[in-house]
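These notebook entries record what I looked up in one structure. I took the topics one at a time.

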Amino acid sequence: MESELVSGFMTEHAAVIFVFFFLAEYASIVLMCLLVSILFLGGYNFDFSIFAHIFVFIYNIYDYILDFVDPANSLSDMNPLHATRMKQLYNEQIIYDVNSYIENILSNPVIENLVYALVIGIKTSIMIFVFIWVRASFPRIRFDQLMSYCWTVLLPLVFAFVLLVPCILYVFEIIPSNVLFY
């Protein structure tokens, strides 16, 4: 009985190697997606003025619904050009107000760093989702088939582009010819 317990404990630790393997694999996925979001998606940069435009869009929908429900409060009795210009000026004022409000919020360094961390976290999470989704969606290719495809198709294609692109640039004079011969 006691030997069964000891052997039971011994076999439970046999999967630790696979656990570390899969943890390392998912850690590499997170690292790759973090690097992609930093290098190609702008890192922590985000255009917060989009919130002002979304707010104006929602306000305009609300305003059109109110004009439809209660036409007495609308600007329809004015000259249409003046009404359109007034709405445009009001929209620009709303965009300016929302942008200045966001700038005031982001003037605090602690909040700014939290927002930037949240932005890069969201970008990385989206990339992780796409990475795992694509990986789960497509069938796996055998390694020998992948190597055969790379040697027979992709490598000649790369050599062709290495020769073809400079020739096209030179023939159509996209770059000056004196740059090539310095």
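**Entry 1: helix α6**

At which residue does α6 bend, and by about how many degrees? I worked from a predicted model, and in this model α6 bends at C150 by about 35 degrees. I then looked up the extent of the helix. Helix α6 covers residues 143-171, which is 29 residues. From its first C-alpha to its last it reaches 40 Å, and I noted that this is close to the 42 Å expected at 1.5 Å a residue. Just after α6, I found E173 with a positive phi of about 50 degrees.

**Entry 2: salt bridges**

How many salt bridges does the structure hold? I found two. One of them joins E25 and R135, whose closest N and O atoms are 2.1 Å apart. E25 lies in helix α2 (residues 16-39) and R135 in helix α5, so this pair ties together parts that are 110 residues apart in sequence. I recorded R135 as partly exposed, with a relative accessible area of 36%.

I next looked up the salt bridge between the side chains of D144 and R142, where the N to O distance is 2.9 Å. D144 has 44% relative accessibility and therefore counts as partly exposed.

**Entry 3: T124**

Is T124 buried or exposed? I found that T124 has 7% relative accessibility and so counts as buried, the cut-off for buried being under 20%. T124 is found in helix α5, residues 109-137. Its side chain makes a polar contact of 3.1 Å with the side chain of S37. Leaving aside residues up to four places away in sequence, T124 touches V30, C33, L34 and S37.

**Entry 4: the largest nonpolar core**

Which residues make up the largest nonpolar core? I listed nine: F48, A52, V56, I94, I95, V98, I102, L106 and V119. Two or more residues of this core are given by each of α3 (49-69) and α4 (80-106). The largest share, five residues, comes from α4. As general background, nonpolar side chains tend to be buried together in soluble globular proteins.

Key: Residues are numbered from 1 along each chain as its sequence is written. This is a predicted model: local features need pLDDT of at least 70, side-chain atom pairs count only at pLDDT 80 or more; totals for chains, interfaces and linings use all residues. Side-chain values use heavy atoms; hydrogens and water are left out. Helices (H or I, at least four residues) and strands (E, at least two) are DSSP runs, numbered from the N terminus. Buried means under 20% relative accessible area, exposed over 50%, partly exposed in between (1.4 Å probe, protein chains only). A polar contact is a pair of N or O atoms within 3.5 Å; within protein, one must be able to donate a hydrogen and the other to accept it, and residues adjacent in sequence count only if both atoms are side-chain atoms. Contact means heavy atoms within 4.5 Å. The expected span of a helix is 1.5 Å times one less than its number of residues. The bend at a residue is the angle between axes fitted to the seven residues ending there and the seven starting there. A nonpolar core is a set of buried Ala, Val, Leu, Ile, Met, Phe, Trp, Tyr and Cys residues joined through side-chain atoms within 4.5 Å. A salt bridge is a side-chain nitrogen of Lys or Arg within 4 Å of a carboxyl oxygen of Asp or Glu.
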